[in-house]
Structure formats: structure tokens, C-alpha cells
Amino acid sequence: MLKKSTLIRLMSLYPPYLGAGIRVTRVSHDFREIDVRMGLRWWNRNYVGTHFGGSLYSMIDPFLMLMFLENLGRDYVVWDKAATIRFKTPGRGTVFARFRLTEDDINAVRVAVERDGRAQPTFTVAITDSEGQLIAEAEKVLSVKKKAVA
């Protein structure tokens, strides 16, 4: 599995993130907490000078999937299944997203996979500004199942 420092470095150099100015600022040792930020720059602004919606979505896209992959282990397959984003107010400065997984979240997925063969957990992620004002809210649905035994 990934080392924390490797993930931060790779994500910061990932072309869509590099281009949008998205930075992973913190990953906990157990991959259950990840913090991301994005400053407002001329290259990630929309026509009216606020954060481009695609960049706001990009900053929250892969992290829940990665967190579950790291916490469930190699016997599981995890994919993003669906996502929606609701823009609440224009983002005009640096924006932040915080991802948190609890032991209960992880155990609930394991139980559902054992019981039903698949789990589809849903999480809500807030994107806020430096004062904590809600800029956008995204709902992510994952698909988790056990790898097929060959």
C-alpha cells in the first residue's frame, strides 16, 4: 500500500491537481484523515472570477476511494460509483476539504460486503472557505466488494 509521503508527493504532481493548484496538505498515519486545499488563481477561476466548479469537484474526487483501499486492504475492490455536487456560494479565496473515516465506517462496509457481496457507502464532503463558510457540498457513493478469487 502507499506511504503517506508518497501519496502527498504524487497527488501534488498529478497533472489535474497541479494545473488546478490543488494541494494535499495532510494525510494521517492510518489514512483515515486527509486534508486538501486549493487557492484561487487566474488559471482556476471561472468567467466571473470565482473558483471553477470542475476544480472544486476535482479537489474531492479520489480521496474516499483511496482511504477505503488503504484501510480495507488488498482483498477489496473499491470504485467511485456516483457523485453529485451542490454549489452553495461562490468560492473567492482558498478553499478546503477534509476527509474523515471512522472505524465504524470501515466496519460497516466490511459487514455489508460479507452480508450482501457489495457495499455502496455514501459520504458527504464539505468544501469550505478560510472562515468555515460552506462553498459546496458533494455526495460521493462508492462501490466496494471483495476481489474474485482466481
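Predicted model: local features only at pLDDT ≥ 70, side-chain atom pairs only at ≥ 80, totals over all residues.

Me: How many bridges join E4 to E5, and which way do the strands run?

Reply: Strands of a sheet pair through backbone hydrogen bonds, either parallel or antiparallel. Two strands pair here if DSSP finds at least two bridges between them. Strand E4 (residues 95–100) is joined to E5 by three bridges, and the two run antiparallel. Helices (H or I, at least four residues) and strands (E, at least two) are DSSP runs, numbered from the N terminus.

Me: What is the strand order of the open sheet?

Reply: The six strands are ordered E1-E2-E4-E5-E6-E3, with antiparallel pairing. Strand E1 (22–27) and strand E3 (76–87) are the edges, each pairing on one side only. From one strand to the next, the twist averages 25°. Axes are lines fitted to C-alpha atoms, for helices over the stretch in contact, and angles run from 0 to 180 degrees between N-to-C directions.

Me: Which strands does helix H5 lie across?

Reply: Contact means heavy atoms within 4.5 Å. Helix H5 (residues 103–116) lies across E3, E4, E5 and E6, at about 40° to E6. H4 lies across E1, E2, E3, E4, E5 and E6, and runs at about 155° to E3.

Me: How many residues of H4 are buried?

Reply: Buried means under 20% relative accessible area, exposed over 50%, and partly exposed in between (1.4 Å probe, protein chains only). Nine of the ten residues of H4 are buried. Among them are Phe63, Phe68 and Glu70. Just after H4, Gly73 has a positive phi of about 100°.

Me: How many aromatic pairs does the structure hold?

Reply: Rings of Phe, Tyr and Trp (its six-membered ring) pair if their centres lie within 6.5 Å; planes under 30 degrees apart are stacked, over 60 edge-to-face, and the rest tilted. The structure holds five such pairs. Tyr17 and Phe63 form a tilted one, 6.0 Å centre to centre with 40° between the planes. Tyr17 lies in helix H2 (residues 15–20) and Phe63 in helix H4 (residues 63–72), so the pair ties together parts 46 residues apart in sequence. Both Tyr17 and Phe63 are buried.

Key. Residues numbered from 1 in each chain as written. Heavy atoms only, no water.
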